[in-house]
Amino acid sequence: RHYEIHRREARVMASNRLCELVGIEYPIFQGGMAWVANASLASAVSNAGGLGIIAAMNSNADQLRAEISKCRALTEKPFGVNVMLMSPFADEVAAVIAEERIPVVTTGAGNPSKYMEGWLAADVKVIPVVPSVALAKMVARRGASAVIAEGGESGGHVGDLTTMALVPQVCDAVEIPVIAAGGIGDGRGVAAAFMLGACGVQLGTRFLVAKECTIHQNYKNKVLAARDIDTITTGKRFGHPVRCLKNDFSRMLAENEYKPGITAEEFEKLGVGALRKAVLDGDTAGGSFMCGQIAGMVDREQTCAEIIRELFTQAEDVLERTKIWEK
Ligand code: TUI
């Protein structure tokens, strides 16, 4: 039953549940990447028919307000804001999102329950990242409009399950739309996400090399050069696994993680400021180049419009032509 419904939706974007829910043309969100997802990237994705998302991670209330107003000047289309729930500014940016009546908020790295009533009262649609069926069910019960089922193939802070295992289980557990994330890099991944029961996708890594993405060129070059095996996760021992590209910084983290006697605080301190160094300074040795496992198939810079068009043209093609029994 799920399969029939989603197959029809994949072929007819105009009647896609996610497109209708948030008022977009293509059922694609751009991941709320800390330090990366600013007004330039978010407005470009929204202008291209997806949902652009500003990351509030590194902002306080005033900085977020400024980024929102920049984005509003660059697009008339809807865009969202992502709250990284471990951010020291989570309370204040949560309030700004309600005050500014942002149409969609996505959340990551925690349980967003304590903010949900406030957002829903302000007509903000809440779409949390969920790493498990349990959290998907909880946020659905509390009024989430959709969930993002993100597998551990993604970059940055990762959950345990893979996209392949997580997405269908979340789809079976909730009635609201499910957006698949983690490990999706091209149209085959988009098609596969629909096959698993998702009605939309979220991509981060592919947008890192978008022309409108303002990160340091060294970051883009590292993603463009990366092979399949060039990412590593560190921090699992202390409960915050993070995936990034292998370099001096991530190898240093990996060495320290299992050093006898190292405390969580000491380990966390080693990583402070490293993402900023990668994104703003292009510090290839000392930066944390967060990035997903699909980096190996990202091999050229394109505009957001080119990326989105290519993803869905290829996905439609794959869904039309593939006969799995003839493989
Ligand atoms: O949040 C992410 N990815 C991120 S956040 C981030 S910011 C940062 N991180 C480390 C160092 C410097 C900056 C980078 N990447 N993805 C969404 C995501 N959410 N992945 C996993 C989760 C998650 C995990 C547990 C969501 C909910 C959750 O709930 C636990 C609970 O309390 O129920």
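Helices (H or I, at least four residues) and strands (E, at least two) are DSSP runs, numbered from the N terminus. With that in hand, hello everyone, and let's look at this structure together.

What we have is a predicted model, where local features need pLDDT of at least 70, side-chain atom pairs count only at pLDDT 80 or more, and totals for chains, interfaces and linings use all residues. Residues are numbered from 1 along each chain as its sequence is written, and side-chain values use heavy atoms, with hydrogens and water left out.

Let's start with helix H9, residues 187-195. Just after H9, Gly 197 takes a positive phi of about 110°.

Next comes strand S9, residues 200-203. Which way do its residues point? Gly 200 and Gln 202 point one way, Val 201 and Leu 203 the other way, and all are buried.

Who sits beside S9? Two strands pair if DSSP finds at least two bridges between them. Strand S1, residues 28-30, pairs with S9 in the parallel sense over 3 bridges, and Ile 28 has Val 201 as its bridge partner. Strand S8, residues 178-181, also runs parallel to S9, joined by 3 bridges; here Ala 180 has Val 201 as its partner. From S8 the chain crosses through H9 to S9, and this β-α-β crossover is right-handed: with the strands pointing away from the viewer, the path from the first strand over the helix to the second runs clockwise.

Now for another sheet. Three strands form an open sheet in the order S7-S11-S10, with antiparallel pairing. Why is one side of S7 and of S10 left without a neighbour in the sheet? S7 (156-157) and S10 (231-234) stand at the edges, so each has a single partner strand. S7 pairs with S11, residues 242-245, over 2 bridges, and Gly 156 has Arg 243 as its bridge partner.

Last, two helices. H4 (residues 61-74) and H5 (residues 90-99) pack at an angle of about 35°, with axes 9 Å apart. Axes are lines fitted to C-alpha atoms, for helices over the stretch in contact, and angles run from 0 to 180 degrees between N-to-C directions. The contact (heavy atoms within 4.5 Å) includes Leu 64 and Ile 68 of H4 and Val 93 and Val 96 of H5.

Methods. Buried < 20%, exposed > 50% of the residue type's maximum accessible area, 1.4 Å probe, protein only.
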